[in-house]
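Student: I am new to this structure. Please walk me through it, one question at a time.

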Amino acid sequence: MSTITWITARGLFGRRRFLLLLPLPLVLLGLAVLCRSLGVDPGEWGPPVLVGLGLAVVLPVVALIIGTGVLGAEIDDGTVVHILTKPLPRWQIVLPKLAVAAGVTAATVVVPLYVAGVLAASVRLGLALAVAAALGALAYSALFLALSLVTRRPVLLGLVYVLIWEGLLGNFVSGTKVLSIQQYVIALADRLAPTGLLETSVSVPVASVMTALVSVGFTVLAIDRLRSFSVAGETS
């Protein structure tokens with residue numbers, strides 16, 4: 001498993017797509033620092049920066065770029081064949097790749113969210129956002145990794161989920177929030193550091209259970225799909 005982890009990390013950092021991870025977190029951090037330095041009321045800039053940008057855009061988009069790339073890129077260029085020919089159980093391939101995807105996503109997003117949370121309110125809020133975002137990174141990564149094995153257009157479907165389901169429908173149809181990873185993250189962060197800057201109708205128990213179900217469920221789906229891929233020779 002350590003070999004798969006190393007190969008995945010090296011391949012991820014060696015591709016140009018990793019450069020796509022940097023602008024969004026820097027914009028988030030820059031906006032938070034700018035608003036704080038100008039003395040803008042946190043009640044005015046906190047929700048749009050922390051939630052509207054940080055949790056609704058930066059976290060899912062970074063997870064989408066990485067989650068669909070740790071295995072999807074190998075499927076596209078055919079190098080996945082070399083991995084599938086190894087005498088390894090499929091879970092020993094999926095889990096290291098999921099760990100890299102979730103770890104890199106969390107590392108990329110947690111720091112700017114922590115700093116923004118501290119600037120907006122307190123260290124406690126910064127830590128709450130960091131912890132909740134790390135859990136969200138795992139759930140998003142599992143979802144997008146599974147999508148890369150289920151469809152030939154995982155990025156497109158991932159954007160539909162993030163922009164249409166979570167972004168558009170989530171603002172107008174309250175029932176969709178129960179199936180929104182973004183809302184789980186907000187609920188968990190607000191539970192760890194109650195503040196008026198974070199608002200959601202999803203309860204903490206629901207957020208906790210659904211985060212676990214999404215993470216485990218899509219990981220199992222990815223393992224099962226990779227197993228069938230090795231036999232059928234295609235992912236969709």
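Tutor: Start with one term: a contact means heavy atoms within 4.5 Å. This is a predicted model, where local features need pLDDT of at least 70, side-chain atom pairs count only at pLDDT 80 or more, and totals for chains, interfaces and linings use all residues. Residues are numbered from 1 along each chain as its sequence is written, and side-chain values use heavy atoms, with hydrogens and water left out.

Student: How many helices and how many strands does the protein have?
Tutor: Helices (H or I, at least four residues) and strands (E, at least two) are DSSP runs, numbered from the N terminus. Along the sequence the pattern reads α-α-α-α-α-α-α-α-α-α. The count is 10 helices and zero strands.

Student: What percentage of the 236 residues is buried?
Tutor: Buried means under 20% relative accessible area, exposed means over 50%, and partly exposed lies in between (1.4 Å probe, protein chains only). Of the 236 residues in the protein, the buried share is 48%.

Student: Which residues does Tyr-161 touch, leaving out those up to four places away in sequence?
Tutor: Tyr-161 sits in helix α8 (residues 154-172). It counts as buried because its relative accessibility is 17%, under the 20% limit. Its contacts are Tyr-140, Leu-143, Glu-166, Leu-179, Ser-180 and Ile-181.

Student: What is the C-alpha separation of Tyr-161 and Ser-180?
Tutor: Ser-180 is one of the residues that Tyr-161 touches. The two are 19 residues apart along the chain, and their C-alpha atoms are separated by 8.8 Å.

Student: Which backbone oxygen does the side chain of Tyr-161 reach?
Tutor: A polar contact is a pair of N or O atoms within 3.5 Å; within protein, one must be able to donate a hydrogen and the other to accept it, and residues adjacent in sequence count only if both atoms are side-chain atoms. Here the distance is 3.1 Å, and the oxygen belongs to Leu-179.

Student: Why does the span of α9 agree with its number of residues?
Tutor: The expected span of a helix is 1.5 Å times one less than its number of residues. Helix α9 (residues 181-192) has 12 residues, so at 1.5 Å a residue it should span 16 Å.

Student: How many of the 12 residues of α9 are buried?
Tutor: Those buried include Ile-181, Tyr-184 and Leu-188. Gln-182 and Gln-183 are buried too. Helix α9 is mostly covered, and the number buried is nine.

Student: Where is Ser-148, and which backbone oxygen lies 2.5 Å from a polar atom of its side chain?
Tutor: Ser-148 belongs to helix α7 (residues 123-150). It is buried, because its relative accessible area is 4%.

Student: Is Thr-219 buried or exposed, and which backbone oxygen does its side chain reach?
Tutor: Thr-219 is in helix α10. At 11% relative accessibility, it counts as buried. Outside its sequence neighbours up to four places away, it touches Val-94, Leu-95, Leu-98 and Ala-142. At 2.5 Å, its side chain reaches the backbone oxygen of Ser-215.

Student: Which helices do the buried residues of α2 pack against?
Tutor: The buried residues of α2 are Pro-25, Leu-28, Ala-32 and Cys-35. They cover an arc (taken from the directions from the helix axis to the C-beta atoms) of only 105°, which puts them on the same side of α2. On the other side, Leu-26 and Ser-37 are exposed. The buried residues pack against α3 and α6.
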